[in-house]
Amino acid sequence: MAHKSLASWLLLLSISLGLFSIFSEAADKQQHRNKQSSSSSSSSSSSIDSSAVFSVQGNVYPDGLFYVTLYIGNPPKPYYLDVDTGSDLTWVQCDAPCRNCFPGPHQLYRPKKNKLVYCEDPLCTSIHTLRKHTCGSPHEQCDYLIAYADQGSSLGVLVKDAFSLQFANGSLLQPHLAFGCGYDQQVPSINSPAPTDGVLGLGYGKSSIISQLQDLGLTRNVIGHCFSGRGGGYLFFGDSLVPYSSVTWTPMFRSPSLKYYSPGPANLLFGNQPMGLKGLPVVFDSGSSYTYFATRAYEAFIYAVKKYLPAKQLKEAPEDKTLPLCWKGTRRFKSILDVKKFFKPLVLIFAKGKKAQLEIPPEGYLIITSKGTVCLGILNGTEAGLGNLNVIGDISMQDLMVIYDNDKQQIGWVHADCNRLPNADGGGDGFGNSFTQPYVASMGILTDDL
């Protein structure tokens, strides 16, 4: 989402808030209807072997996010949702009525009285992980509060409605999935209409859309994204499009204190030279526009970059405030190709993945701004409130298919042409005809637990 300029991982707080009258009237009428998790079209036995594929729009710069269009409700209505692997709960701005909503691309979602999710529902319990979850009554509504590290937030209630999903095997399904109806959004800095209507949470928690689809037997708990350096790309649910034999895999690292997609600790190299940085905690987050290193790694990286830069051809450009560190040349830069030769690739080596390597080329950590300067797209995460975490954001995942296989507990990546949408039938190499997408930083890390 546009206002997630610092982090897109969720802090979910257990709260007891009364929603507006539209829901309070519905509480005693709904329980049997909320148990409906089927779609209006029957799910075939082969659905779990298929994938749902979505075209992605957006870019790292200047938009600062990647988003998809999902159709919710009956009749289905479109909503632009920020693709966020760093959070679980999906939410859209909601007219319940809305107490505080920012201007968005579509009309607010209008919930019906029979869509309320109750407090006693396991999905409600799953989003309240920081405090003991208690319900005043069995039919009490399920409230949520999402707080972002940049002080943005969404307050609302959990509802269920139909999501129209086209699967690669030809099935068109409308499963009823739980998501947040956000009626009070606090946005720290937004001076124009937001490019999205909410957030698509793709973490591995029970409330995540992909987890719900797996629970319904509709697809495997696998997600993947491919963001093009030219802008756009695609997102998929399920594993039928994953080229398993070509992917570099590393086990997912999970611990009670780290609730996000992590390939485990990594050693950092600049070019082929070790930087003396080992065992760095790393997470992948599609809700972060840029990559963030903790202070020690960030300072070592800046030192290494400056050490190899030719002083006569590149000079610092403090007048360009796009990002903290920018350089200008003797003439305006038009593309990364103009400056790529002055920078070296970054390499992350993951010990838990049999020394699996993720190489980040210069175009994976640099941007060319509208002022014709080149800026460093790796920022100081400690200063942004991320502690010692090192976050691999969108800029460093461009032109890669990145796969989060929750079934097999592994994360993988492979170079791919993200401008080509995968074939609907999943045949051949998994890719179809070329397509193009149209050409601010978003970041998604969790704030400290309360």
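A disulfide is a pair of cysteine sulfur atoms within 2.5 Å. The views below come from a predicted model, in which local features need pLDDT of at least 70, side-chain atom pairs count only at pLDDT 80 or more, and totals for chains, interfaces and linings use all residues. Residues are numbered from 1 along each chain as its sequence is written, and side-chain values use heavy atoms, with hydrogens and water left out.

**View A. The disulfide of Cys94 and Cys181.** The S to S distance is 1.7 Å, and the link is left-handed, with -55 degrees about the S-S bond. The pair links distant parts of the chain, 87 residues apart: Cys94 is in the loop between β4 (91-93) and α3 (122-127), and Cys181 is in strand β8 (residues 176-186). Helices (H or I, at least four residues) and strands (E, at least two) are DSSP runs, numbered from the N terminus. Both cysteines are buried, meaning under 20% relative accessible area, where exposed is over 50% and partly exposed is in between (1.4 Å probe, protein chains only).

**View B. The disulfide of Cys226 and Cys418.** The sulfur atoms are 2.0 Å apart. The torsion about the S-S bond is about -75 degrees, so this disulfide is left-handed. Cys226 lies in strand β10 (residues 222-227) and Cys418 in the segment after β26 (410-415), so the pair ties together parts 192 residues apart in sequence. Both Cys226 and Cys418 are buried.

**View C. Two sides of helix α5 (residues 295-308).** Ala297, Tyr298, Phe301, Ile302, Ala304 and Val305 are buried in α5. On the other side of α5, Arg296, Glu299, Tyr303 and Lys307 are exposed.

Technical notes. Expected span 1.5 Å × (residues − 1).
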